[in-house]
Amino acid sequence: MPTTAAPPPITPPRFTTARLDALPLEPAYAEEMAAVLADPALYGFTGGEPPVPAALRARYERQCAGSPDPGERWWNWVLRVREDGEAGGELVGYVQATARGSRAEIAWVVGTPWQGRGYASEAAQGLAAHLASAGGVRELVAHIHPDHAASAAVAVAAGLGPTEEWEDGERRWAGSVTPPPVP
């Protein structure tokens with residue numbers, strides 16, 4: 001008798017990298033994340049402005065409720081640096097994936113004070129591996145402003161390459177991921 005796979009959960013499972021804990025998004029993170037996202041320079045390529053905690057909390061509540069489309073998952077994680085290998089460090093950014101079937105559009109943001117330390121690349125690599133193993137994702141997509149060299153480097157680190165497709169002035173990057181071998 002054929003079986004159908006259960007839909008992925010609304011709340012994504014946490015994952016870790018060498019230095020980061022990727023924790024499922026919760027509205028309670030809004031105040032700390034508003035401080036992480038407070039530098040107007042973060043919005044130079046994407047537009048917008050730093051969020052105030054109340055607006056960020058409302059956004060997080062909507063994101064945590066999930067997509068109104070039952071075939072789509074909004075998976076969001078905040079990134080917490082582990083101190084000396086232990087949990088409990090400060091939040092430094094986030095990663096997110098909008099998953100539909102075996103394809104996910106991903107994005108990452110690391111606050112200005114923590115940039116240049118490899119956190120974004122580490123988080124994007126961890127996200128790609130996590131989505132392949134836990135989320136059933138096989139194709140990753142990101143959209144990157146053509147002048148944003150740092151984001152292009154993160155995309156390359158996550159296994160994505162530029163395509164000839166553009167959307168809203170940003171280049172589409174794509175790549176395939178494979179699940180880890182079954183032991």
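These legends describe close-up views of a predicted model.

**View 1. Helix H3 and what follows.** Helix H3 covers residues 119–134. Its 16 residues reach 21 Å from first C-alpha to last, close to the 22 Å expected at 1.5 Å a residue. Buried residues of H3 include Tyr119, Leu127, His130 and Leu131. Gly136 follows H3, with a positive phi near 70°.

**View 2. The crossing of H3 and H4.** The axes of H3 and H4 (residues 149–157) come within 8 Å and cross at roughly 35°. The crossing is right-handed. H3 contributes Ala120, Ser121, Ala124 and Gln125 to the contact, and H4 contributes Ala153, Val154 and Ala157. By class, five of these residues are nonpolar, two are polar and none is charged.

**View 3. Salt bridge of Glu122 and Arg19.** The structure holds eight salt bridges. In one of them, the side chains of Glu122 and Arg19 meet at 2.7 Å, N to O. Glu122 lies in H3 and Arg19 in the loop between strands S1 and S2, so the pair ties together parts 103 residues apart in sequence. Glu122 is buried at 12% relative accessible area, whereas Arg19 is partly exposed at 30%.

**View 4. Salt bridge of Arg100 and Asp69.** The side chains of Arg100 and Asp69 meet at 1.9 Å, N to O. Arg100 lies in strand S4, and Asp69 in the loop between helix H2 and strand S3. Arg100 is partly exposed at 43%, as is Asp69 at 28%.

**View 5. Salt bridge of Arg103 and Glu139.** The closest N and O atoms of this pair are 3.9 Å apart. Arg103 lies in strand S5 and Glu139 in strand S6, so the pair ties together parts 36 residues apart in sequence. Shared partners join Arg103, Glu139, Glu165 and Arg172 into one salt-bridge network.

Methods:
Residues are numbered from 1 along each chain as its sequence is written. This is a predicted model: local features need pLDDT of at least 70, side-chain atom pairs count only at pLDDT 80 or more; totals for chains, interfaces and linings use all residues. Side-chain values use heavy atoms; hydrogens and water are left out. Axes are lines fitted to C-alpha atoms, for helices over the stretch in contact, and angles run from 0 to 180 degrees between N-to-C directions. Helices (H or I, at least four residues) and strands (E, at least two) are DSSP runs, numbered from the N terminus. A crossing is left-handed if the near helix is turned anticlockwise from the far one by less than a right angle, and right-handed if clockwise. Contact means heavy atoms within 4.5 Å. Ala, Val, Leu, Ile, Met, Phe, Trp, Tyr, Cys and Pro count as nonpolar, Asp, Glu, Lys and Arg as charged, and the others, Gly among them, as polar. The expected span of a helix is 1.5 Å times one less than its number of residues. Buried means under 20% relative accessible area, exposed over 50%, partly exposed in between (1.4 Å probe, protein chains only). A salt bridge is a side-chain nitrogen of Lys or Arg within 4 Å of a carboxyl oxygen of Asp or Glu.
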